[in-house]
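Please open the model in your viewer and keep the selection panel at hand. The tour moves from one selection to the next, with a short account of what is found at each stop.

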Amino acid sequence: METDDRATVGALRQAVAAFVNDRDWRPFHTPKNLSMSIAIEAAELMEHFQWLTPDEALAAVDSPAERSAVADELADILIYCLSLSNALDLDISSAVLGKLQTNEHRYPAGEFRGRFRRPQRDKDAQKGTLSSPP
């Protein structure tokens with residue numbers, strides 16, 4: 001079996017496409033169905049960590065059975081994401097790298113290192129003048 005160090009996004013997309021095609025599932029792989037499936041599988045992943053503290057969530061995956069279950073849910077999400085990129089003929093590598101480049105400008109490391117808000121938003125939040133989420 002391939003690992004992250006060796007598998008390419010293109011190879012994963014081809015493997016997912018072959019799996020879908022072998023079952024004649026392409027008619028069901030519409031953007032609506034696939035986007036809903038991504039959300040459903042993400043909720044199933046969240047269930048593994050629901051009500052846990054951050055430390056408990058990290059410790060939960062120390063169990064081989066729980067780690068495997070979480071990996072399965074994450075794989076389901078990624079499979080649906082790759083299926084959606086196949087259905088829409090989107091170059092997911094270009095999309096991810098492009099979004100990271102956009103976020104580099106939107107969230108400069110010097111300003112956001114160790115924080116998730118702009119310093120001015122922190123001041124506004126303390127004053128109670130923050131009107132919309134970041």
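Predicted model: local features only at pLDDT ≥ 70, side-chain atom pairs only at ≥ 80, totals over all residues.

Begin by selecting Phe19, Trp25 and Phe28, which together form a nonpolar patch on the surface with about 330 Å² of accessible area. Within this group, pick out Phe19, which sits in helix α1, spanning residues 9-22. Phe19 is described as partly exposed because its relative accessible area is 41%, a value that lies between the limits of 20% for buried and 50% for exposed.

Next, turn to the largest pocket, which holds about 950 Å³ of space. Coloured by class, the lining of the largest pocket shows 19 nonpolar, five polar and five charged residues.

Finally, move to the second largest pocket, with a volume of about 180 Å³, and select its lining: Val16, Ala17, Val20, Asn21, Arg26, His29, Ser83, Asn86 and Ala87. The elements that give two or more residues to this lining are α1 and α4, and α1 gives the most, with four residues. By class, the lining of the second largest pocket comprises four nonpolar, four polar and one charged residues.

Note on methods. Residues numbered from 1 in each chain as written. Heavy atoms only, no water. Patch = residues over 30% accessible without salt bridge, like charges linked within 9 Å, V, L, I, M, F, W, Y side chains within 5 Å. Areas by Shrake-Rupley, 256 points an atom, 1.4 Å probe, with all protein chains shown as cover. Salt bridge = Lys/Arg side-chain N within 4 Å of Asp/Glu carboxyl O. Buried < 20%, exposed > 50% of the residue type's maximum accessible area, 1.4 Å probe, protein only. 1 Å grid on protein atoms, 1.4 Å probe; cavity = no way out; pocket = protein on both sides within 12 Å on 5 of 7 lines; lining within 4 Å. Points joined across faces, edges and corners; volume = space filled by probe spheres on them. Nonpolar A, V, L, I, M, F, W, Y, C, P; charged D, E, K, R; others polar.
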